[in-house]
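Trainee: Got the model up on screen. Can we talk through how its helices pack?

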Amino acid sequence: MIEIDRVSQVFQTSGRQNHLALSEISLTIEDGAFLSILGPSGCGKSTLLYIVGGFVSPTEGVARMKGKAITGPGPDRGPVFQEFALFPWKSVLGNVMYGPRQQGVKHAQAEAQSRALIEMVGLKGFENFYPKELSGGMKQRVALARTLAYHPAVLLMDEPFGALDAHTRTRLQNDLLNIWERDRKTVLFVTHSVEEAVFLSDKVVVMTRSPGRIKEIVDIDLPRPRRRAELLLDPHYQKYVVDIERMIDDTSEDELRP
Amino acid sequence: MISMRALVSRSAPLLACLGLLGIWQIGALILNTDSFPTALDAIRAIPSILGDKESLINILASLRRMAIGFSLAVAVSIPLGLMMGRSRGVASFFNPLLMVIYPVPKAALMPIIMLWLGVGDLAKTLVIFLGVSLPVIYHSFQGAKAVEEKMLWSGAAMGLSATQRMMRIVLPAALPEILTGCRTGLVLALITMVTSEMIARQSGAGNILFNALDMGQYDAVYAMIIIIGAMGIGLDAAFEKLRGKLVRWSEPGFDIPLSFA
């Protein structure tokens, strides 16, 4: 379980002014939940994810993992970034093996596991390719496999499909769900796409813009396994999407008021 | 099979050399003065220099100083540049110092260095060291600064310590940029090597050149220029080959044939 306890984040802008990015966020994420954080750009949703990852320390408040305060990154929380952040000097296999090797897994075993993971994300045959030679969708598949390879308890996904074209994005969403439904890791998923959040999640946290606050938490009560074609026709799904879109519109209008 | 185009592009440097020698030859024949021997005369003088034991010892001494100066500079500059690139504190400490040293021609420091360290190997190696250091520091700094934060975060999540991230993420990620600096450094090593021997005339390739000039042996002067030039081209080509191997993954035009064994 992850607890975010009254976390606030203040950034200093280049003009030496304090900018409140996150304001008193409290949130509990149950084990095995797929939780999306949804909000307009600049609402601090990625920052919240970085705080859970231990990459950024909150200005105030505390984030806890299994009751222990998070003080830094660790292999129990695996990030997947929009920018992929693959190691360009390593092949696909080298990238995926990196984590297990660092964790002290023997070479042969790490290689066998990594090859299986590469196959699972649909990249069999590309083991010896370098990141430079892969498309964006393929890179993100490698990044996912690389993170899954060291068995984090929590996946931290920072707009992972944000840089991909619509078609690739849909395919990766489907594949992610398939993979997730096998082992039900806890997933914290940051996105600005309402459809994506509703399609994937058990829970959607809607945030307001600047300073980022939680506006509403919506439980997505749709059956699993979810199939995209069925879901798109499902009035419940459609209602979730419309309702959440309306919430986001409201937050944008709040901002226009003086 | 080598295609016609590949053949042309591969032999282009050779053709350029031959072209230059041709122009030289014609120019020298037209001018017809003692101080400008023809290319053929200069080339004919090369074997006697390379066959002379004394000259060979001099040239090897030069190369040794260059190798030592270059290696030491690289060994010091890469870690320093990388640390500057990743730590604002280290950067703001060393930056002003380097900014002052950067525009000063290193050979201009030679008289002071000679005053302190004499005219021997130490002074000359130090000048080479200084000449090589700056481009290598600068490029290592730029390379380390450009390393994507998220790449380091990914490493941290896998359990890499700060030192491991430096050695195993920053270093390889910055390697293409570092090697660009080393390539510039290698050419500068050759330049500072010759200039140092020109100022502190005691031994070395530069010394042979300027002694020949003093004695009016113009064939030997030009022959020596060809030898030093060839050393530069050879070293650069060898380094490029090594660089290509090390950072194949970063080359823009790099592609593996789309087939699997």
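Trainee: Which hand does the crossing of H2(A) and H4(A) have?
Mentor: A crossing is left-handed if the near helix is turned anticlockwise from the far one by less than a right angle, and right-handed if clockwise. Here, H2(A) and H4(A) cross in the sense that is right-handed.

Mentor: Ground rules: this is a predicted model, where local features need pLDDT of at least 70, side-chain atom pairs count only at pLDDT 80 or more, and totals for chains, interfaces and linings use all residues. Residues are numbered from 1 along each chain as its sequence is written, with chains lettered from A and ligands numbered from 1 in the order in which they are written.

Trainee: Which residues of H4(A) make the contact with H2(A)?
Mentor: Contact needs C-beta atoms, placed from the backbone, within 7 Å. H2(A) brings Val92(A), Asn95(A), Val96(A), Tyr98(A) and Gly99(A). From H4(A) come Val142(A), Ala145(A) and Arg146(A).

Trainee: At what angle do the axes of H2 and H4 of chain A cross?
Mentor: Axes are lines fitted to C-alpha atoms over the stretch in contact, and angles run from 0 to 180 degrees between N-to-C directions. For H2 (residues 92-102) and H4 (residues 136-148) of chain A, the axes come within 7 Å and cross at roughly 30°.

Trainee: And chain B, how many helices there?
Mentor: Helices are DSSP runs of H or I, at least four residues, and strands are runs of E, at least two. Chain B has zero strands, and its helix count is ten.

Trainee: What does the C-alpha trace of chain B span along its principal axes?
Mentor: That trace belongs to a chain of 261 residues. Its span is about 70 × 60 × 30 Å.

How values were computed:
Two residues are in contact if their C-beta atoms, placed from the backbone, lie within 7 Å. A residue is buried if 20 or more other C-beta atoms lie within 10 Å of its own, exposed if 12 or fewer, and partly exposed in between; C-beta atoms are placed from the backbone.
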